Amino acid sequence: MLAGVSLVISAAVALARCSPASVPLRLHEGFWQGNFTVGGSQTFSLTVDTGSFAILVKQGLYKPNPTSEQTNISEFIQFNGASKDGTAPAQETVFFVRDDIEFAGVTVHKFLVGNITAGDDLPGDGVAGFSPPASDNEDLSNGQGLIETFCANGDVSPCQLGLALGKNGQGEFIFGELDKSKISSNVTTLPTFNHDSWTVINSTEADSAVLVIDGKPFSHVMPTFDNGSPNVIGPLSTVRAVLKAVGYNITEQTNDGVTVALGTYDCSRAPARFGFSFPPSDQVHYIDLAANELNRTADGRTCTANILGTSTVDVPQWSIGQTWFQGRYVHHDLNNSRLSFADLA
């Protein structure tokens, strides 16, 4: 990785007035995807990911064009849960170019676009990250992600975004304030770190989020809300204990030094319910049962739970993935470092 190239992002074309209030998303193979145009002519179906920062185009798809500019910025990026079943990590070698990006009718010129030159397969045509940059590469960490760029250029005001992801595989990416016409429950609001609105702050263990299983508190957690992960992912040791507690069989896989634990059970039994509560409220927000099952064997007898443990996650961190998002409106307020959510109407 080479440093020393300043990260300058030019102004976006101000099309906010004619931009749609929301952009349709679709659930495909465990990931929510939307259309992005790069270089004015190349349209890609990218996974909308609130757990990563970069615009990444899968190896072999991006074509240099008259608007693109080469840089000497490179990065090595690793993803947890990059396969439909959430078990396979992905490692990508990325070289960045500057090119035009269009999303929701707004164009950003000379934005950093990651051209993957080597690595593992990714869902769709790549990834569109909406969290702030978090990297040891100074050229990236001093820059802005796509949503910050929209906000800085006045295309999104206030600087807020929401994901309304249905249970039917259809969803919306919504700019601006929380649209209360789309919700049917009280709104839960949580403080987040001031550099993002994805990772919830726990000032003490007592006020931290709680993993709940079938109505019983199991452990305190530090959650990151990551719709780009197909499952709910926790530390290997904790998930082993969870699966044992509910009587599931534990299956473990180790690839490239990463161990993943899955839980299987007889499909004829009632599945365990996994959810989270957020003090001071003791209300439990469960994964929808229809999304709680990862898969079942061809004979329909053995089911796999849509919660897994990995050696790449440390206690007490958890990644609350898209299965939990289904049926909810999750809203990120970057100006005030807050995350809110409610059930969809």
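## The model at a glance

This is a predicted model, where local features need pLDDT of at least 70, side-chain atom pairs count only at pLDDT 80 or more, and totals for chains, interfaces and linings use all residues. Residues are numbered from 1 along each chain as its sequence is written, and side-chain values use heavy atoms, with hydrogens and water left out.

The protein has four helices and 25 strands (DSSP runs numbered from the N terminus: H or I, at least four residues, for helices; E, at least two, for strands). Of its 345 residues, 55% are buried (buried is under 20% relative accessible area, exposed over 50%, partly exposed in between, with a 1.4 Å probe and protein chains only). Take the contacts (heavy atoms within 4.5 Å) between residues at least 6 apart in sequence: 67% of them join residues at least 24 apart.

In soluble globular proteins, nonpolar side chains tend to be buried together. Here the largest nonpolar core has 65 residues, and Phe173 and Trp324 touch the most other members. A second, separate core has 14 residues, including Ile73, Val94, Phe96 and Val127. (A core is a set of buried Ala, Val, Leu, Ile, Met, Phe, Trp, Tyr and Cys residues joined through side-chain atoms within 4.5 Å.)

Most residues other than glycine have a negative phi, and most peptide bonds are trans. Ser337 isn't a glycine, yet has a positive phi of about 50°; at 13% relative accessibility, Ser337 counts as buried. Asp214 also has a positive phi of about 50° without being a glycine, and lies in the loop between strand E13 (209-213) and strand E14 (216-225). At 44% relative accessibility, Asp214 is partly exposed.

Then there are the cis peptide bonds. One runs from Ser157 to Pro158, with omega near 0°, and Pro158 is in the loop between helix H2 (146-152) and strand E10 (160-165). Another joins Val315 and Pro316, with omega about 5°; Pro316 is in the loop between strand E22 (307-310) and strand E23 (317-320).

## Who lines the second largest pocket?

The lining of the second largest pocket has 18 residues, with Glu293, Leu294, Asn306, Gln322 and Gln326 nearest its centre. (On a 1 Å grid over the protein atoms alone, a pocket is an open set of points where a 1.4 Å probe fits, with protein on both sides within 12 Å along at least five of seven lines; lining residues have an atom within 4 Å of a point.) Strand E20 (293-296) and helix H4 (322-325) each supply at least two lining residues, and E20 gives the largest share, three.
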